[in-house]
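The sequence and structure come first.

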Amino acid sequence: MISILPNWHPMTVHFALALPITATLLLSLARAASDRAFAAGAVQATKWTLGIGIAALWASIGTGMHAYLTEAMDAAAERAVRVHQYWGWGTAAVFTMAPALWQKHHPKRVGWALLTCCWLGTASASVTGWLGAENVYRHGVGVEAVTTAEAEPPASDTR
(Lines give C-alpha, C1' and ligand atoms only; values in the text may rest on other atoms or scores of the structure.)
Protein backbone atom coordinates (compact mmCIF):
# COMPACT_ATOMS: atom_id res chain seq x y z
CA MET A 1 0.00 0.00 0.00
CA ILE A 2 1.18 3.52 -0.68
CA SER A 3 2.66 4.82 2.56
CA ILE A 4 1.11 8.30 2.35
CA LEU A 5 -2.40 6.88 2.50
CA PRO A 6 -3.79 5.21 5.58
CA ASN A 7 -6.09 3.21 3.27
CA TRP A 8 -7.41 3.07 -0.30
CA HIS A 9 -11.02 3.99 0.45
CA PRO A 10 -10.61 7.72 -0.30
CA MET A 11 -9.27 6.84 -3.76
CA THR A 12 -12.23 4.63 -4.73
CA VAL A 13 -15.13 6.42 -3.09
CA HIS A 14 -15.16 9.38 -5.47
CA PHE A 15 -15.73 7.12 -8.48
CA ALA A 16 -18.36 5.17 -6.54
CA LEU A 17 -20.34 8.36 -6.01
CA ALA A 18 -19.69 10.30 -9.21
CA LEU A 19 -20.27 7.57 -11.81
CA PRO A 20 -23.68 6.26 -10.67
CA ILE A 21 -24.94 9.81 -10.07
CA THR A 22 -23.73 10.80 -13.55
CA ALA A 23 -25.48 7.74 -14.97
CA THR A 24 -28.72 8.84 -13.28
CA LEU A 25 -28.44 12.30 -14.82
CA LEU A 26 -27.74 10.79 -18.27
CA LEU A 27 -30.71 8.48 -17.87
CA SER A 28 -32.93 11.43 -16.98
CA LEU A 29 -31.71 13.29 -20.07
CA ALA A 30 -32.43 10.24 -22.22
CA ARG A 31 -35.95 10.00 -20.81
CA ALA A 32 -36.64 13.71 -21.41
CA ALA A 33 -35.01 13.91 -24.86
CA SER A 34 -37.22 14.32 -27.90
CA ASP A 35 -34.35 13.49 -30.28
CA ARG A 36 -34.19 9.68 -30.58
CA ALA A 37 -30.53 9.67 -31.64
CA PHE A 38 -29.55 11.74 -28.59
CA ALA A 39 -31.64 9.52 -26.31
CA ALA A 40 -30.04 6.36 -27.72
CA GLY A 41 -26.57 7.82 -27.21
CA ALA A 42 -27.40 8.87 -23.66
CA VAL A 43 -28.73 5.38 -22.89
CA GLN A 44 -25.53 3.79 -24.23
CA ALA A 45 -23.39 6.20 -22.18
CA THR A 46 -25.54 5.42 -19.14
CA LYS A 47 -24.96 1.68 -19.49
CA TRP A 48 -21.18 2.13 -19.49
CA THR A 49 -21.17 4.75 -16.75
CA LEU A 50 -23.51 2.76 -14.52
CA GLY A 51 -21.61 -0.48 -15.09
CA ILE A 52 -18.27 1.05 -14.16
CA GLY A 53 -19.97 2.90 -11.30
CA ILE A 54 -21.38 -0.33 -9.86
CA ALA A 55 -17.90 -1.88 -9.98
CA ALA A 56 -16.54 1.22 -8.23
CA LEU A 57 -19.28 0.96 -5.57
CA TRP A 58 -18.27 -2.58 -4.70
CA ALA A 59 -14.56 -1.67 -4.77
CA SER A 60 -15.36 1.18 -2.41
CA ILE A 61 -17.20 -1.17 -0.07
CA GLY A 62 -14.22 -3.53 -0.09
CA THR A 63 -11.72 -0.77 0.62
CA GLY A 64 -14.07 0.70 3.23
CA MET A 65 -14.30 -2.65 5.02
CA HIS A 66 -10.51 -2.90 4.97
CA ALA A 67 -10.26 0.60 6.43
CA TYR A 68 -12.83 -0.24 9.12
CA LEU A 69 -10.89 -3.34 10.15
CA THR A 70 -7.48 -1.64 10.21
CA GLU A 71 -8.13 1.91 11.48
CA ALA A 72 -8.19 2.72 15.18
CA MET A 73 -11.27 4.67 16.28
CA ASP A 74 -13.23 5.43 19.42
CA ALA A 75 -16.70 4.04 20.15
CA ALA A 76 -18.58 7.09 18.76
CA ALA A 77 -16.60 6.98 15.52
CA GLU A 78 -17.16 3.23 15.21
CA ARG A 79 -20.94 3.70 15.54
CA ALA A 80 -20.85 6.46 12.92
CA VAL A 81 -18.78 4.32 10.54
CA ARG A 82 -21.25 1.45 10.91
CA VAL A 83 -24.16 3.72 9.92
CA HIS A 84 -22.10 4.88 6.91
CA GLN A 85 -21.46 1.22 6.01
CA TYR A 86 -25.16 0.34 6.15
CA TRP A 87 -26.00 3.21 3.81
CA GLY A 88 -23.13 2.19 1.53
CA TRP A 89 -24.39 -1.38 1.29
CA GLY A 90 -27.90 -0.10 0.54
CA THR A 91 -26.62 2.27 -2.14
CA ALA A 92 -24.65 -0.50 -3.82
CA ALA A 93 -27.64 -2.86 -3.69
CA VAL A 94 -30.01 -0.31 -5.27
CA PHE A 95 -27.64 0.53 -8.12
CA THR A 96 -26.77 -3.15 -8.64
CA MET A 97 -30.47 -3.90 -9.16
CA ALA A 98 -30.87 -1.13 -11.74
CA PRO A 99 -29.55 -3.05 -14.81
CA ALA A 100 -32.22 -5.71 -14.23
CA LEU A 101 -34.85 -3.02 -14.84
CA TRP A 102 -33.81 -2.25 -18.44
CA GLN A 103 -36.78 -2.93 -20.67
CA LYS A 104 -35.80 -6.08 -22.54
CA HIS A 105 -38.16 -5.48 -25.45
CA HIS A 106 -37.13 -1.79 -25.79
CA PRO A 107 -33.48 -1.56 -24.64
CA LYS A 108 -33.18 2.05 -25.89
CA ARG A 109 -36.14 3.28 -23.84
CA VAL A 110 -35.92 4.39 -20.25
CA GLY A 111 -38.70 3.04 -18.04
CA TRP A 112 -39.98 4.71 -14.92
CA ALA A 113 -38.92 1.77 -12.72
CA LEU A 114 -35.30 2.10 -13.85
CA LEU A 115 -35.34 5.87 -13.48
CA THR A 116 -36.90 5.65 -10.01
CA CYS A 117 -34.37 3.04 -8.93
CA CYS A 118 -31.47 5.22 -10.08
CA TRP A 119 -32.85 8.34 -8.37
CA LEU A 120 -33.32 6.35 -5.13
CA GLY A 121 -29.72 5.18 -5.49
CA THR A 122 -28.61 8.77 -6.05
CA ALA A 123 -30.41 9.93 -2.91
CA SER A 124 -28.87 7.05 -0.96
CA ALA A 125 -25.41 7.84 -2.40
CA SER A 126 -25.79 11.45 -1.27
CA VAL A 127 -26.58 10.39 2.29
CA THR A 128 -23.73 7.85 2.24
CA GLY A 129 -21.27 10.49 1.06
CA TRP A 130 -22.43 12.96 3.69
CA LEU A 131 -22.03 10.32 6.42
CA GLY A 132 -18.55 9.49 5.14
CA ALA A 133 -17.57 13.15 5.29
CA GLU A 134 -18.93 13.30 8.84
CA ASN A 135 -16.71 10.34 9.76
CA VAL A 136 -13.63 12.15 8.50
CA TYR A 137 -14.32 15.73 9.54
CA ARG A 138 -16.27 15.20 12.77
CA HIS A 139 -14.73 11.97 14.07
CA GLY A 140 -11.27 12.14 12.44
CA VAL A 141 -11.55 8.63 10.99
CA GLY A 142 -8.69 7.83 8.61
CA VAL A 143 -6.87 11.08 9.31
CA GLU A 144 -3.30 10.90 10.54
CA ALA A 145 -2.48 13.16 13.47
CA VAL A 146 -0.03 15.95 12.83
CA THR A 147 2.77 16.30 15.36
CA THR A 148 3.48 19.69 16.93
CA ALA A 149 6.74 20.08 14.99
CA GLU A 150 4.91 19.50 11.68
CA ALA A 151 2.11 21.88 12.59
CA GLU A 152 4.34 24.85 13.36
CA PRO A 153 4.70 27.31 10.48
CA PRO A 154 8.21 27.97 9.24
CA ALA A 155 10.00 30.88 10.87
CA SER A 156 9.50 34.07 8.92
CA ASP A 157 12.47 35.83 7.47
CA THR A 158 12.84 39.14 9.34
CA ARG A 159 15.35 41.28 7.53
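The sections below cover the model, a helix pair, the core and a residue.

## Basis

This is a predicted model, in which local features need pLDDT of at least 70, side-chain atom pairs count only at pLDDT 80 or more, and totals for chains, interfaces and linings use all residues. Residues are numbered from 1 along each chain as its sequence is written, and side-chain values use heavy atoms, with hydrogens and water left out.

## Helices α1 and α2

Helices are DSSP runs of H or I with at least four residues, numbered from the N terminus. Helix α1 spans residues 9-32 and helix α2 residues 36-70; their axes come within 7 Å and cross at roughly 155°. Axes are lines fitted to C-alpha atoms over the stretch in contact, with angles from 0 to 180 degrees between N-to-C directions. The crossing angle therefore makes α1 roughly antiparallel to α2 (over 145 degrees).

## Nonpolar core

The largest nonpolar core has 21 residues. Such a core is a set of buried Ala, Val, Leu, Ile, Met, Phe, Trp, Tyr and Cys residues joined through side-chain atoms within 4.5 Å; buried means under 20% relative accessible area (1.4 Å probe, protein chains only). Helices α1, α2, α3 (75-97) and α4 (112-137) each supply at least two residues of this core, and α2 gives the most, with seven.

L27 is among the residues with the most contacts inside the core. Beyond its neighbours within four places in sequence, L27 is in contact (heavy atoms within 4.5 Å) with T46, W102, V110, L114, L115 and C118.

## Residue N135

N135 lies in helix α4 and counts as buried, at 4% relative accessibility. With neighbours within four places in sequence set aside, N135 is in contact with A80, V81, H84, G140 and V141. The C-alpha atoms of N135 and E78 are separated by 9.0 Å, at 57 residues apart along the chain.

Notes. Angles under 35 degrees count as roughly parallel, over 145 as roughly antiparallel, 65 to 115 as roughly perpendicular and the rest as oblique. Buried means under 20% relative accessible area, exposed over 50%, partly exposed in between (1.4 Å probe, protein chains only).
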